[in-house]
Amino acid sequence: MFGYIHPERPHMFIKDEMLYKALYCGMCKSIKQGSGQVARTALTYDMAFMSALMHNLAAKDVKVEKRRCALHPLKKRYMAREDDISILLGCINSCLAYYKLLDDKLDGDKKGMFAFLYKKGYKRTLKKHPKAAEIISSSMESQRALEERGCSVIDEACEPTAQMMARLSDYVLGDRADEHTFALCYDIGKWVYLADAFDDYDKDVKKGRYNVLNRAFGCATKSEAVGKNADEINFLFNSLFADMRIHLSSVKFGFNHDLTDNIILLGIPTRTRLLVYGRCGTGKKEVKNEQTQS
């Protein structure tokens with residue numbers, strides 16, 4: 001994953017803040033158990049959110065307890081206990097990190113040289129969850145094919161990532177999956193792809209790399225693209241947010257869903273404004289604090 005999905009902290013209940021932190025730390029432990037020690041370095045906020053969402057949709061209670069970790073050896077912290085769902089998500093995270101770095105390597109990005117660090121985790125995923133690995137592999141191949149032919153249609157370019165997220169959610173949820181869980185995760189996957197495209201717009205243009213937004217709008221900078229195509233961009237995201245709300249209201253949660261509601265209904269739109277338009281009233285110091293509190 002990419003690390004774009006964050007809660008809207010000013011509107012979080014204290015209980016949800018504690019749960020979010022516990023899920024984040026629990027995912028770190030789960031990645032270690034399922035994919036090895038090194039794979040823990042690929043943990044992102046996205047997986048803490050996915051853990052909250054998948055556990056709730058699957059109606060599987062999260063066991064939280066105080067434990068120590070290598071980074072905080074002196075004081076115990078609240079952590080979600082590893083279970084089948086979190087370990088599976090940890091394997092998926094390792095596999096995604098491996099393919100993301102392979103893609104960076106093909107694009108000439110220096111970060112791609114670190115793909116070998118996650119190869120062991122990828123192989124473990126391939127052995128334990130070949131279906132999940134196949135979903136990720138085929139989606140990445142489809143994404144690469146679209147990029148190589150220079151796709152300039154935004155919805156088409158988003159499709160492989162959106163389908164990947166939806167199909168992975170079906171795999172994780174099993175019998176608990178339905179059309180609304182599929183559609184909700186499809187929308188989240190589409191948003192993640194768009195968020196990454198906006199975040200990397202200027203860097204991709206500078207380095208001559210593919211970016212669907214640059215192909216679609218034909219502008220040399222993100223600020224120019226946003227200035228000239230504000231109505232289209234607003235329609236694109238507002239339609240996506242409306243679809244998320246529809247399916248969010250239709251899925252069946254097993255427990256209280258204040259945390260996931262906060263992230264989907266508030267956190268994602270706030271993050272969108274930051275990525276598309278800049279700070280928009282959120283100062284750099286506030287953003288830094290948001291990232292370090294987890």
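I took helices (H or I, at least four residues) and strands (E, at least two) as DSSP runs, numbered from the N terminus. I noted that the model is predicted, with local features needing pLDDT of at least 70 and side-chain atom pairs counting only at pLDDT 80 or more, while totals for chains, interfaces and linings use all residues. Residues are numbered from 1 along each chain as its sequence is written, and side-chain values use heavy atoms, without hydrogens or water.

Entry: helix α1. I looked up residues 14-35, which form α1 with 22 residues. From first C-alpha to last, α1 reaches 31 Å, close to the expected 32 Å (1.5 Å times one less than the number of residues). G36 follows α1 and has a positive phi, near 105°.

Entry: positive patch. I found K66, R68, K75 and K76 forming a positive surface patch (residues with over 30% relative accessible area and no salt bridge, like charges joined within 9 Å, nonpolar side chains within 5 Å). Strands β1 (64-69) and β2 (72-80) each supply at least two of its residues. K66 is found in β1 and counts as partly exposed because its relative accessibility is 46% (buried is under 20%, exposed over 50%, partly exposed in between, with a 1.4 Å probe and protein chains only).

Entry: nonpolar patch. I recorded V38, M113, F114, F116 and L117 as making a nonpolar surface patch of about 490 Å². L117 lies in the loop between α3 and α4 (119-128) and is partly exposed, at 31%.

Entry: D83. I placed D83 in the loop between β2 and α3 (84-106). D83 counts as buried, at 12% relative accessibility. D83 and H257 are 174 residues apart in sequence and 20 Å apart in space, C-alpha to C-alpha.

How values were computed. Accessible areas come from the Shrake-Rupley method with a 1.4 Å probe; for residues, only the protein chains shown count as cover. A salt bridge is a side-chain nitrogen of Lys or Arg within 4 Å of a carboxyl oxygen of Asp or Glu. Lys and Arg count as positive and Asp and Glu as negative; His and the chain ends are not counted. The place of a charge is taken as NZ of Lys, CZ of Arg, CG of Asp or CD of Glu.
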